[in-house]
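Visitor: I am new to this structure and would like to learn how its features are read. Could you take me through them slowly?

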Amino acid sequence: MAVVGVLDSLAAEERWLYPGFLAMYAAIYCVGQLALLRRWAWPLRLDGASCLISLAHGTPAALAAAGAILALPPEARGFAAPNTRLQDHVLDYSVAYFTMDLLHYLAFLPGDTLFIAHHVATLFVFVTCRYLVRHGAYALLVLLVLAEVTSLLQNVWTLAGIWRAEKPAAARVYRALSPPFYFIYTVVRGVAGPLFFLKMSLFYLSGQAVDVIPWWVRISWIVVVGTAITVSNLWIWNLWKELFRERKQSMAKKST
């Protein structure tokens, strides 16, 4: 019920919420860097601060995106449907997060070109939907749900991974979380995501949205989303291979 109440208030809110969302992420980031994580080694603090704002974004964004989709009748959930006010607020919430995390990478990790490219491309898609064409939020919010539904588990897994070399408890958490996280991520990013992406791509390539979404925007969305899905699947595939290699080595040691 609390989530419904928050979504109702957001739907009624006429103000531009992006500055407030950005200030919130900046405050969380600063509290993490200067207070909560100040005793961590600098490289670990950087990863931890990024995880903190990701935690603030992921699950709330997934819930809000799902709520914004379900708030509409089925006939209004279309790839070329105009954005609602609630959908725009959810997009702004995510745009603020990716802005803050992009600034983090540009300031402290400029060599991490893959994350920087991912954030720039994601911002391009969200910003063009929110501020340029003002249509198509339904498709992006479904993709946002799929992308962020594993966020909480992934961030806990990431934090455990940061400390696994130094903290035995963190190593145990990391080992325990890896199989279920990999499985859920594979189902979401390797099955559900590609199926929805195929449906979205076929619609946009058919020309049915030509009157509201220019061709270059539609094609760029397809390229960006398709690339992101491909990279995500390559990432999780490599993690599966590493997991099986470690299990095989562990079994070999036990047998000797």
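Visitor: In which helix is the place of valine 224?

Guide: Helices here are DSSP runs of H or I with at least four residues, and strands are runs of E with at least two, numbered from the N terminus; valine 224 has its place in helix α9, residues 215-255. This is a predicted model, in which local features need pLDDT of at least 70 and side-chain atom pairs count only at pLDDT 80 or more, while totals for chains, interfaces and linings use all residues. Residues are numbered from 1 along each chain as its sequence is written, and side-chain values use heavy atoms, with hydrogens and water left out.

Visitor: Which residues is valine 224 in contact with, leaving aside its neighbours within four places in sequence?

Guide: Contact means heavy atoms within 4.5 Å, and on that basis valine 224 is in contact with Ala121 and Val125, once neighbours within four places in sequence are set aside. Phenylalanine 124 is 100 residues from valine 224 in sequence, yet their C-alpha atoms are 9.0 Å apart in space.

Visitor: How are two packed helices described?

Guide: Two packed helices are described by the angle between their axes and by the distance between those axes. The axes are lines fitted to C-alpha atoms, for helices over the stretch in contact, and the angles run from 0 to 180 degrees between N-to-C directions. Here the axes of helix α2 (residues 18-36) and helix α3 (residues 42-70) cross at roughly 145° and come within 9 Å. The contact involves residues of α2 including Tyr25, Ile28 and Tyr29, and residues of α3 including Leu52, Ile53 and Ala56. By class, this contact of α2 with α3 has ten nonpolar, three polar and one charged residues, where Ala, Val, Leu, Ile, Met, Phe, Trp, Tyr, Cys and Pro count as nonpolar, Asp, Glu, Lys and Arg as charged, and the others, Gly among them, as polar.

Visitor: Is isoleucine 28 buried, partly exposed or exposed?

Guide: Buried means under 20% relative accessible area, exposed means over 50%, and partly exposed lies in between, using a 1.4 Å probe and protein chains only. Isoleucine 28, in helix α2, has 25% relative accessibility and so counts as partly exposed. Not counting residues up to four places away in sequence, isoleucine 28 touches Leu52, Ile53 and Ala56.

Visitor: What is the phi of arginine 134?

Guide: Most residues other than glycine have a negative phi. Arginine 134, although not a glycine, has a positive phi of about 55°; this residue lies in the loop between α5 (113-133) and α6 (137-148). At 42% relative accessibility, arginine 134 counts as partly exposed.

Visitor: Which residues does UniProt list for "domain: TLC"?

Guide: UniProt annotations may be inferred rather than shown by experiment, and their positions are given in the numbering used here, with feature names shortened. The unreviewed UniProt entry lists residues 43-248 for "domain: TLC"; in the model, this span is 83% helix and 0% strand, with its end C-alpha atoms 31 Å apart.
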